[in-house]
Amino acid sequence: MFSSIFSTAPPVDPHAPNFHSVASKYPENELFGELEPSDLEWACITSGFITETHVWYTITDTGLSIMCQVIHSAVGLWYPTIQFTCKIYDPKTNETTWKSINVSNFVCPAPGLDKRSSKADEFSVIHKSTPGSDYPEGYTIRANLGQDLQITMEVSRPASVPGFKIGKGPEGGNSYFGVDPSKADGNVFHKFWPRYKASGHIIKNGKAETFEGPGMLVHAIQGMRPNLVASAWNFAHFQSEKHGGTSAIQMEFTTLDTYGKKGSGSGPVVVNVGSLVIANKLVAVTAETKWSGEENATSVVSKASHLKPVQDPDTGYGKPSEILFKWKGPSVVPGAQGSVEAKLQVDLGDVQHPKGLIEKVDVLAEIPYVLKMAVNYVAGTKPYIYQWINPATLSIKGPESIAPGLSSGLEVEGTFYNEATFIS
């Protein structure tokens, strides 16, 4: 899938584009690519430096943030490492429960099923299909993460909120690194369920607690060493039960300056993918590429902005005091012509008095040892992930036929989880 480290190919133009953004490959009216069954299948690539993950983010009706993640990491010649991670945060008590385990006897596909399902001694993730129903597909997730934590969760995707990627077909969702996309140095892809309903129970230290609430799923691949893919990431995940069910998501990464429209040194490039759901319908899919030194040439907006950054002595990075997310894209609702736009701004506080901060995650302390060695070979690389959860208001406007009052603009109250990752 990726070009060899050693190559006998003739030299290429040093000013040729060496990054190919998914957000620039498709016209505005073709950004929405509905997921096919194969889009959620595990690739389970066992060579190279490739990290693949499925992550389920849930916000419960009591305010809990629940993250469940399966990670498949291939690092050079080592056998792949499979992890199951779970983080539960209660903003009412400020209590965090965190588990990350290397699993044994990983199998994909799970017996009798396709590659959307997997299992190991410590967990099972089983995809289920019920075509023609109000919830045509979902997952049953069970994990025994030790004597002190077990979790079971049922996840169901509404028929009115299809999964999406940017662009249709097998190339949809992919950004490529290197001059020739067909012989790429590596790739990044993201495929989403922007909204699902979840229910289940958590057993912590023998005490059971049930939960339910909305959430979102992302299937992602980083097809190179993480520190070569991006210098920074932003992730946004807003959920609300208001107006029949509302969500807004974004995933954004910033390449190193070695990748750009005019070859090495012409970057960095910012790639952002997002979506909007209101009235429990997927109403817009957004994607934007910010090439270094250029303005956005399309009417589609998909953008995260860090405001009032302050140096954080704990991490060495500029932590935003506020963060602003914007979306604008053509309606994907049949018969509802026009564009849908939204924005959301959140006060994150300062370093001494943060607002909604869950944790500053020292990435190298959490990832598998062999992957850590692959990342840490660059002197001084010390990635951190800031994680926040806050009450927030999404301002959204669009065609009236989508939802009553939308043409005048709606202010939707909900809960906002976001991450800012600094790598270099």
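**Entry 1: D148 and K99**

I then placed the two residues along the chain. D148 sits in the loop between strand 9 (137–144) and strand 10 (149–157), while K99 is in strand 6, so the pair links distant parts of the chain, 49 residues apart. D148 has 31% relative accessibility and counts as partly exposed. K99, at 21%, also counts as partly exposed; buried would require under 20%. I note here that the model is predicted.

**Entry 2: E95 and K204**

I stayed with strand 6, which covers residues 95–102. E95 forms a salt bridge with K204, with 3.5 Å between the closest N and O atoms. K204 belongs to strand 13 (residues 186–204) and E95 to strand 6, so this pair ties together parts that are 109 residues apart in sequence. E95 is partly exposed, at 41% relative accessibility.

**Entry 3: K360 and D312**

Next I checked K360, which forms a salt bridge with D312; their closest N and O atoms are 2.9 Å apart. K360 lies in strand 24 (residues 357–362), and D312 lies in the loop between strand 20 (310–311) and strand 21 (318–319). The two are 48 residues apart, and I noted this as another link between distant parts of the chain.

For the charged side chains as a whole, I recorded 35 positive and 42 negative, with the centres of the two sets 1 Å apart.

**Entry 4: the whole chain**

I listed the secondary structure as 2 helices and 26 strands. The radius of gyration is 21 Å, close to the 22 Å that the globule rule gives for 424 residues, so the chain is as compact as a globular protein of that length. Along its principal axes, the C-alpha trace spans about 60 × 50 × 50 Å.

I then looked at burial and surface. Of the 424 residues, 56% count as buried. The chain exposes about 18100 Å², and carbon and sulfur atoms supply 53% of that.

Last, I looked up contacts between residues at least 6 apart in sequence: 62% of them join residues at least 24 apart.

Key: Residues numbered from 1 in each chain as written. Predicted model: local features only at pLDDT ≥ 70, side-chain atom pairs only at ≥ 80, totals over all residues. Heavy atoms only, no water. Salt bridge = Lys/Arg side-chain N within 4 Å of Asp/Glu carboxyl O. Helix = DSSP H or I, 4+ residues; strand = E, 2+ residues; numbered from the N terminus. Buried < 20%, exposed > 50% of the residue type's maximum accessible area, 1.4 Å probe, protein only. Rg over C-alpha atoms; globule rule 2.2 N^0.38 Å. Contact = heavy atoms within 4.5 Å. Areas by Shrake-Rupley, 256 points an atom, 1.4 Å probe, with all protein chains shown as cover. Lys, Arg positive; Asp, Glu negative; His and termini not counted. Charge placed at Lys NZ, Arg CZ, Asp CG, Glu CD.
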